[in-house]
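Please read them with the structure open beside you.

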Amino acid sequence: IGYIHRFSEKYAMQMGEVAHEILKVVREWKPSVRYIRITPKNDLILKVRVREDFGGKPVTIMLPLSKPSWTLNDLPGQLMDDLRTLVIEPLKNGASYAPRGALIVGPPGVGKSVTAEAIAQALELYVLRFSPSLYRSMWYGMTEKTLYTIFKALNRRKDLLVVVDDADFLMNRIAAVHEAYISEVSVWLNILQDPSRPFLVMTTNAPDLIAPAIIRPGRLDIVMVIGYPDKEMRKKIVLR
């Protein structure tokens, strides 16, 4: 029992609520129980350690990866053909003109995130959903440092596609309400300019808010505008 208790406590931080539930059960077990085998599945978790300047101890950021559940066949025919021609085939063939990223624009609920997953599935990549909550900090300068550190780790991974949903937070300088946002956008521009980064897809409902420099060549090379589905596509969605 003591061994099980110590083992569960050791992995409590990694396994979250699962380990704490195990601890509750262990306290009620009889002494006849000798051991329990726990195998946490961390193969789809990317861990990045960041040392906060004011926090002292390093912080481990958990970046969950997922397998895409949507394919190109789930998309409208014209969009599917355009993606194969402009994105999938150039990247698979290693063409010099292959895009480094894409911005998907459209109203809510038209399948922007689905399209990003379909691109990942066609390229046989995992999906990493990225949001500001993963790296923003209350400490001055730590947001930029954490963002750099995360993408430094991502640059070593060639098996994933980064998806940034609702990228409206990368606003232009005119709309920015605080100097910290301007600094954050500058870091993003440097990251997007790095040729070694993974393929990156951003989605937005309000493209007018996003800094225009985001979609310059070498950063997000392709802008896809998705409208509401037609009658044929609506039928396909219902049947799925």
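1. The largest pocket has a volume of about 480 Å³, in a model that is predicted. A pocket here is an open set of points on a 1 Å grid over the protein atoms alone, with protein on both sides within 12 Å along at least five of seven lines, and lining residues have an atom within 4 Å of a point. Grid points are joined across faces, edges and corners, and the volume is the space filled by probe spheres set on the points. Of the 27 residues that line the largest pocket, L75, P76, L79, V110 and I226 are the closest to its centre. The elements that give two or more residues to this lining are α4, α5, β7 and α8 (231-239), and α4 gives the most, with six residues. Helices (H or I, at least four residues) and strands (E, at least two) are DSSP runs, numbered from the N terminus. By class, the lining has 17 nonpolar, five polar and five charged residues, where Ala, Val, Leu, Ile, Met, Phe, Trp, Tyr, Cys and Pro count as nonpolar, Asp, Glu, Lys and Arg as charged, and the others, Gly among them, as polar.

2. On the basis of the values: this is a predicted model, in which local features need pLDDT of at least 70 and side-chain atom pairs count only at pLDDT 80 or more, while totals for chains, interfaces and linings use all residues. Residues are numbered from 1 along each chain as its sequence is written, and side-chain values use heavy atoms, with hydrogens and water left out.

3. The buried residues of α5 are K112, T115, A116, E117, A118, I119, A120 and A122, and what covers them includes α4 (77-92), β3 (101-105), β4 (126-130), β5 (160-164), β6 (200-204) and β7 (222-225). Just after α5, E124 takes a positive phi of about 60°.

4. Strand β6 is mostly covered, with five of its five residues buried. L200, M202 and T204 point one way from β6, whereas V201 and T203 point the other way. Two strands pair if DSSP finds at least two bridges between them. Five bridges join β3 to β6, and these strands run parallel, with A102 standing opposite V201 in β6. β5 and β6 also pair in the parallel sense, over three bridges, and in this pairing V201 is the bridge partner of V163.

5. Which strands pair in the antiparallel sense over seven bridges? They are β1 (residues 45-51) and β2 (residues 58-66), where V48 stands opposite I61 in β2. β2 also pairs with β4 in the antiparallel sense, over two bridges, and the bridge partner of S66 in β4 is V127.

6. E184 and T143 can be inspected together. E184 has its place in helix α7 (residues 179-193) and counts as buried, at 4% relative accessibility. T143 lies in helix α6 (residues 142-154) and counts as buried, at 11% relative accessibility. Leaving aside neighbours within four places in sequence, E184 is in contact (heavy atoms within 4.5 Å) with Y135, R136, T143, E144, L147 and F169. With neighbours within four places again left aside, T143 is in contact with Y135, R136, S137 and E184.

7. For the protein as a whole, there are eight helices and seven strands, and buried residues make up 39% of the 240 residues. Residues 24 or more positions apart account for 72% of the contacts with a separation of 6 or more. The protein exposes about 14300 Å², of which carbon and sulfur atoms supply 55%; accessible areas come from the Shrake-Rupley method with a 1.4 Å probe, and for residues only the protein chains shown count as cover.

Conventions:
Buried means under 20% relative accessible area, exposed over 50%, partly exposed in between (1.4 Å probe, protein chains only). On a 1 Å grid over the protein atoms alone, a cavity is a set of points where a 1.4 Å probe fits but cannot get out, and a pocket is an open set with protein on both sides within 12 Å along at least five of seven lines; lining residues have an atom within 4 Å of a point.
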